[in-house]
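I opened the notebook to look up how the parts of this structure meet. My entries follow the order in which I looked.

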Amino acid sequence: MSSAIFPIVVLLPIVAGVLIPVLPFGNRKNMMIYIEGVVLLNAVLAVAMLVCQPEGEFVLFRFTHDLTLSLHLDGMGTVFAAIISVLWPLATLYSFEYMTHERHEKVFFTFYTVTFGITMGIALAEDVVTMYCFYEMLTLVTLPLIMHTLTREAILASRTYLYYSLGGAAFAFIGVVFILIYGTTSNFVPGGVLDLAKIGDRTNLLLLIYVLCFFGFSVKTAMWPFSAWLPKAGVAPTPVTALLHAVAVVKAGAFTVMRVTYYSFGTEFLKGTWAQTAVMIPVIFTIVYGCSRALKETHLKRRLAWSTVSNLSYILFGAVLMSPLGLVGALSHMIFHATMKICSFFCAGAVITKTGREYIHQLDGFGRKMPKVFAAFTVSGLALMGVPGLCGFISKWNLVQAAVESGNPLAYAGVAALLISALLTAIYMLTITIRAFFPGKGFDYSTISDVEDPSWMMLLPLLVFAVAMVVFGLHPEPILSRLGLIAASLR
Amino acid sequence: MGALLLLPVFLPVVAGTYLLVSLAVEKQKRKAEGGELPEPDEEARKKLHTRVLAVLVVSAVLAVVVSWSGDHSVTLFELMKGIPVYFRVDDIGRLFVTLVSIVWVLVGVYSFVYMEHEGKEQRFFGFYLIVYGVLVALCFSGNLVTLYMFYEIMTLTSMPMVLHNGSHESIMAALKYLFYSMCGAYLGLFAIFFLYRYCDTLTFTAGGTLNPELLGNNTWILLIAVFAALIGFGAKAGMFPLHAWLPTAHPVAPSPASAVLSGVIAKAGVLAIIRVVFYIVGADFIRGTWVQTAWMTLALLTVFMGSMMAFREKIFKKRLAYSTVSQVSYVLFGLSVLSPVGMTGALLHVIFHMFIKCALFLTAGTFIFRTGKTRVEELYGIGKQMPLTVWCYTFASLALIGIPPTSGFVSKWYLAQGALSANVGAFGWAGPAILLVSALLTAGYLLPVTTNGFFPGNKANPEELPRLSEPKGMLIPLAILAALTVLLGIFPNPLISFAGQIASSVL
């Protein structure tokens, strides 16, 4: 397989998505088959590409002689591309049932499918400029998805999202420019590209730029103090909140942070400096902050969104430890959190489509009426808490081992933060489970007689994710050893 | 032979899961037909009880036989590279698994009668069996990560026993239990993270596996971590400051569940602490440090505080729960002095307290079952109604107070000797003094039930207190437990030498 596959997996969903409004489908079923077909085809192509690992690069476009839009595949890109190409077909399947109760389906699926290609572009970007371009495009194509319902609330939320993202991107852009000036190349190279001779005595300036760039990119991961947009964006249809706001968009943020940290600035340059401390403190704070906000929240989807805020900072925590082991922890949490959170969001979505209930206090006794959905929800809750035997424990273990190995007292504080957050996670997830399964003596089940499990299209993804959480939790070695290889290339 | 270790773990877990799943399936089927699940009739109950008893006895016999037939070990699978889920029997695991099995079978037999008035029996026995399997796994755990794994699972699977009756109060209590336990488990996990880095291996090794070279100058953080583990695993054992869940959660559970929660599951916290301190960190690492001082202080504080609270408490089961808080900290104090004699005393007290507290809670259960009385001041004249039960209660109480020749005397003797012989400064005499005061308080909160029960004075009219039948199914397990509490005090030597052998192997 040659490098020509790279533009295909990026452009196929974009082109196919744009065609959705103009193609004459006749009925809804044909459209569903077309969309699922395209997404599945692209996912299969992507997986084939990840298995074959084609070498080389593919230049899409040249701005100038050395500024190009070019794609290639490396270890970290493989991880991100694998996550999205496995999750996208499942999420699309799920959206078909979900979207029956929303309007403007064609518009929705257009942007939903295009986003697949754009995210792929971020995973495959060979250099910092390409990554930045796709990153900006991601903001723009996901904007209509947030304001899909066109309620006032949705429009305000999308506006917040736009301001935060564009503001962040502006800071990130400063970083990109400095990498271009002070780097030996714009490409991603394990260990970083900075040319120490060019920097001379401007080390502190570059560290400052790194901090700005870090904050810029981490706006998408909803790190404190830029976390407000994510819970607000929960007004979007659930497939969007589940796939984009728990996986694709927010993890694109984490992915870009890791790229600039490990592949552009380089950990050797950053480790042990004040810049590392400056970024680690807000990350550790966000871990606890996100969880405590989740605990306070009574709206089911918003609670999960705050939980995402906290969990993404787990990933960033691994990244800012700036060691190969930290990268393994960060990447493993990126994979495992994707599975856990998409599962819990899909459960929330199932509750919303089937019953219209959105608040946690309305969920009394639901466990008996929707046993399959709430079983999956419980598994995802236990996994998020980090019960051994489920995948959350594995990534936490790796993150913490990296922190302990670093010998940095601030990282020890991070370990404590992780455990506090685990406790808070137990509280905000298990109260829902207990409420659903044990509504208490004398609970009148006739008040929720309309509640039942959804159809197989919604249940199949839930089952797949629940099984995945157990399998990853009991036998993570295949994944961990691969992540270890990526990390080893950084040494 | 090693694979046989898995049988007593999986058999009850699978059987319990089967009970729960078949219950759920049956419910769904009934709902589809538009009806509710009827209350099981006498025949169905009998069938359920026979099955549960068969599974319990078979797995208990297996567990005990396998554990005493040699130091078997088996690796279930590799969780991560170098971190296997690994079972191995050693003396301490052998001791715990035997105790757990005896108690679980006896209390199981008791519940066959008792649970009639609580209802939802199939659900209760489902979880009862699962928790047994998990506890056996906990005792067989050969390394710290395996232990932690089953510790968490134990919390999650024992929680439904707490909220069994479904009242608002019991659900709140279950949540409190869950979150305190989780908090404790995470504190323990904090220590495990650091121990994994600074120890040669997390496999339990008598005397510890700490590697000073790996540790370097990180002693301060490891001390903090070990302290966190003590507090954290101490939560299950009801040690201050994470003790508050225990008096809330134990009493609201059905009485047999309270018995095993207080008698057995609280000891799981003790087991975890023994494993961390004596089999991973090594007693020498914390000897003479602030961690040892803090540990002794907290244990003694809890001993005193628990007794005081029990003394003031009027609800019978809650009083017993506070008593557990106090008594389990006797064990922790015995461990904290880090001397072989103290540890011998602690292990003996684990054994004796397990039988005593189960007997006491089962008495409380019998009172509730036959009369519905839950408060201490309602129990005037109870001895006229149920003399045999109250006699069993009295023997167990005397043992807990520590009156010779009952078992409690033996363990307290060793605990006091341990404190006096260890080089722990003022704690050497303060410890035994507090134990003594607490023993007085124990007499003060336990014996009135007996005296008022047999001699109600003018508080109750003997004419209005008919003799009540005491069901055999409840009385026999209770009598066996009460007899054990006395007999083990008269013939303690095999136990003393066995506990001493464990203590001297790690200290």
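Entry 1, domains. Domain bounds here come from an automatic or database domain assignment. The model is predicted: local features need pLDDT of at least 70, side-chain atom pairs count only at pLDDT 80 or more, and totals for chains, interfaces and linings use all residues. Residues are numbered from 1 along each chain as its sequence is written, and chains are lettered from A and ligands numbered from 1 in the order in which they are written. I found domain 1 (1–251 + 273–281) and domain 2 (287–507) in chain B. Their C-alpha centres are 23 Å apart.

Entry 2, where the domains meet. I counted a contact when two C-beta atoms, placed from the backbone, lie within 7 Å. In chain B, 34 residues of domain 1 are in contact with 38 residues of domain 2. Helices (H or I, at least four residues) and strands (E, at least two) are DSSP runs, numbered from the N terminus. On the domain 1 side, α3 (91–114), α8 (219–236), α9 (245–252) and α10 (255–281) of chain B each give two or more residues. I noted that α3(B) gives the most to this side, twelve residues.

I looked up chain B against chain A: 26 residues of chain B are in contact with 27 of chain A. β1 (73–80), α5 (144–162) and α6 (168–198) of chain B each supply at least two residues to chain B's side. Which element gives the most to this side? The answer is α6(B), with 14 residues.

L135(B) touches V100(B), M154(B), V264(B) and A268(B), leaving out residues up to four places away in sequence.
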